[in-house]
Amino acid sequence: MSIPIYQVDAFTSQPFKGNPAAVCLLQTSQSDRWMQAVALEMNLSETAFLLPENDGYRLRWFTPTVEVELCGHATLASSHILWETGQLQPRQTARFFTLSGLLTANRRDAWIEMDFPATPPQPCEAPSGLLESLSVIPRYVGRNNFDYLVEVADEASVQAVTPDFGRLATIPARGVIVTSRCADPDYDFVSRFFAPAAGVNEDPVTGSAHCSLAPYWGGILGKSGMIARQISARAGVIRVKLAGDRVQLGGQAVTVMRAELLA
């Protein structure tokens, strides 16, 4: 068996920046166990598996330890590969059938714009251990169906967070977003994303987290369109635009590896 697989750096135009994702192009369905084993072998925050279906592709995402319901950077990487390999023509819309419903992506010059569901946070009490594991003083704590969102005073506070990952992994959520306004006036807000319970201590650039961040900061800043930076060690830039109960996520991507799976 020989199956093409690619590694793409997403939410960046530069190799070895942004968030790396593996993209596996399937022609026949594979077992969950096999896909999870491949994701563990790739050892990236997500590996995407694409299988042609009707007028689009069945898309599933796996971390090294679990399947996830929504992933932005691996969807961006998947769209990029479909256009780069000629599976889709430049003006064709990429259509993905996922655990979070239909997701679409379109090329906008050098950028790719994805249509995702908005997942706004609701204010809540911080669960036991959350703030202690982050060592932060919150301005706001909220929760959506995936993650906790914690706003702190400023960008320096976001950058300084050094989580206790063992304790953070016990929090009953996929992950935790820490965010603030950006010190650079060219950007609206910054964030970092931690998901040790899903096998990813810190995700470099997290598209799905911006489905929560966009409506949250849109309400505070009074904007429908914003530019965000995720300030992990690799860093990345995401354009966000609110559209009712949807969020448009814009990013760039670059392929850094092409290979074949032989097992």
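How many of the 12 residues of helix α2 are buried? The count is 11, so α2 is mostly covered. Buried means under 20% relative accessible area, exposed means over 50%, and partly exposed lies in between, using a 1.4 Å probe and protein chains only.

## The model

This is a predicted model, in which local features need pLDDT of at least 70, side-chain atom pairs count only at pLDDT 80 or more, and totals for chains, interfaces and linings use all residues. Residues are numbered from 1 along each chain as its sequence is written, and side-chain values use heavy atoms, with hydrogens and water left out.

Helices and strands are DSSP runs, numbered from the N terminus: helices are H or I with at least four residues, and strands are E with at least two.

## Helix α2

Helix α2 covers residues 73-84. From first C-alpha to last, α2 reaches 16 Å, close to the 16 Å expected at 1.5 Å a residue. That expected span is 1.5 Å times one less than the number of residues in the helix.

The buried residues of α2 include His-73, Leu-76, His-80, Leu-82 and Trp-83. After α2 comes Gly-86, which has a positive phi near 80°.

## Helix α1

Helix α1 spans residues 32-42. Its buried residues are Trp-34, Met-35, Gln-36, Val-38 and Ala-39. An α-helix has 3.6 residues a turn, so residues three or four places apart point the same way.

Asn-43 follows α1 and has a positive phi, near 55°.

## Nonpolar cores

A nonpolar core is a set of buried Ala, Val, Leu, Ile, Met, Phe, Trp, Tyr and Cys residues joined through side-chain atoms within 4.5 Å. The largest one has 51 residues. Within this core, Leu-50, Trp-61, Phe-96, Met-114 and Leu-249 touch the most other members. Its largest share, six residues, comes from α2.

Contact means heavy atoms within 4.5 Å. Beyond its neighbours within four places in sequence, Leu-50 is in contact with residues including Val-23, Leu-59, Ser-78, Leu-82 and Phe-96. A second, separate core has 18 residues, including Val-136, Val-152, Leu-168 and Ile-231.

Strand β11 covers residues 147-151. Five of its five residues are buried, so β11 is largely enclosed by the rest of the structure. Both faces are covered. Asp-147, Leu-149 and Glu-151 lie on one side. Tyr-148 and Val-150 lie on the other.

Two strands pair if DSSP finds at least two bridges between them. Strand β10 (residues 140-143) runs antiparallel to β11, joined by four bridges. A hairpin of three residues connects β10 to β11. Here Arg-143 stands opposite Tyr-148. Strand β12 (residues 175-181) pairs with β11 in the parallel sense, over five bridges. Glu-151 stands opposite Thr-179 in β12.

## Salt bridges

Side chains of opposite charge can pair when their charged atoms come close. A salt bridge is a side-chain nitrogen of Lys or Arg within 4 Å of a carboxyl oxygen of Asp or Glu. The whole structure holds 12 salt bridges. One of them joins Arg-60 and Asp-32, with the closest N and O atoms 3.0 Å apart. Arg-60 is in strand β4 and Asp-32 in helix α1, so this pair links distant parts of the chain, 28 residues apart. Arg-60 is partly exposed at 22% relative accessible area, and Asp-32 is partly exposed at 41%. Asp-32, Arg-60 and Glu-67 are linked in a network of salt bridges.

Arg-95 and Asp-55 form another salt bridge, at 3.1 Å from N to O. Arg-95 lies in strand β6 (residues 94-98) and Asp-55 in the loop between β3 and β4, so the pair ties together parts 40 residues apart in sequence. Asp-147 and Arg-174 also meet in a salt bridge, at 2.6 Å from N to O. They link strand β11 with the loop between α5 (165-168) and β12, 27 residues apart. Both Asp-147 and Arg-174 are buried.

## A buried loop residue

Thr-206 sits in the loop between β14 (200-203) and α6 (210-221). With 4% relative accessibility, Thr-206 counts as buried.
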